[in-house]
Structure formats: C-alpha cells, structure tokens
Amino acid sequence: MKDDPTPAPASDPLRPLRGKLPCGWECWVGVSGVLYARRPRSSPPIVVRDITAEGLAAKVAEAEERLR
C-alpha cells in the first residue's frame, strides 16, 4: 500500500467554541492564526480577537455583557 500524499488536516483552533458562542456570533481564523469573532448587523460593528479559543470566548462574553 502506498503512502497517502494528502497532508493530515490541521487541527481546528476554534473547535472548543463550536456551538458554544451566543447566538448570532461568527468566528474565524485569520491569516496569521489570530482568532476573530464578530456579531453581524451590530452598530457600531463588534469584532473581538485573541490568540486562544478560551481568550476569544471571554472577550465575546465581555462584549455580550456590555450590550445588556
């Protein structure tokens, strides 16, 4: 059997956040590996960023608290 030349999929740094962010938040990994989250259709725009999923979740929670 030949070795599969397909590279192994990279781990998903946002996996810990999947399904756990408040409703309406979108998240993605930036080009440099920084994690971002935004709340669409907010005015002014709400965008937070961090280098870890846990840090990003905390910043989303802080942003949600400010909205209340």
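The legends below describe close-up views of a predicted model. Local features need pLDDT of at least 70 and side-chain atom pairs count only at pLDDT 80 or more, whereas totals for chains, interfaces and linings use all residues. Residues are numbered from 1 along each chain as its sequence is written, and side-chain values use heavy atoms, with hydrogens and water left out.

**View 1. The open sheet has three strands in the order 1-2-3, with antiparallel pairing.** Strands (E, at least two residues) and helices (H or I, at least four) are DSSP runs numbered from the N terminus; two strands pair if DSSP finds at least two bridges between them. Strand 1 (26-29) and strand 3 (46-50) are the edge strands, each with a single partner, so one side of each has no neighbour in the sheet. On average, neighbouring strands are turned by 20 degrees against each other, direction ignored. Axes are lines fitted to C-alpha atoms, for helices over the stretch in contact, and angles run from 0 to 180 degrees between N-to-C directions.

**View 2. Strand 2 (residues 35-39) is joined to strand 3 by five bridges.** The two strands run antiparallel. Ala37 stands opposite Val48 in strand 3. Helix 1 packs on the sheet and touches strand 1, strand 2 and strand 3; the helix direction makes about 155 degrees with that of strand 3. Contact means heavy atoms within 4.5 Å.

**View 3. Glu64 lies in helix 1 (residues 53-67).** Its relative accessibility is 12%, so Glu64 counts as buried (buried is under 20% relative accessible area, exposed over 50%, partly exposed in between; 1.4 Å probe, protein chains only). Leaving aside residues up to four places away in sequence, Glu64 touches Pro22, Trp25 and Arg39.

**View 4. Arg38 and Glu26 meet through their side chains in a salt bridge, 2.9 Å from N to O.** This pair links distant parts of the chain, 12 residues apart, with Arg38 in strand 2 and Glu26 in strand 1. Both are partly exposed: Arg38 has a relative accessible area of 33%, and Glu26 is at 37% relative accessibility. A salt bridge is a side-chain nitrogen of Lys or Arg within 4 Å of a carboxyl oxygen of Asp or Glu; by this rule the count is four.

**View 5. Asp50 and Lys59 form a salt bridge, 3.3 Å from N to O.** Asp50 is buried at 17% relative accessible area, whereas Lys59 is partly exposed at 32%.

**View 6. Asp12 forms a salt bridge with Arg18.** The closest N and O atoms are 3.1 Å apart. Asp12 is partly exposed, with a relative accessible area of 26%; Arg18 is partly exposed at 46%.
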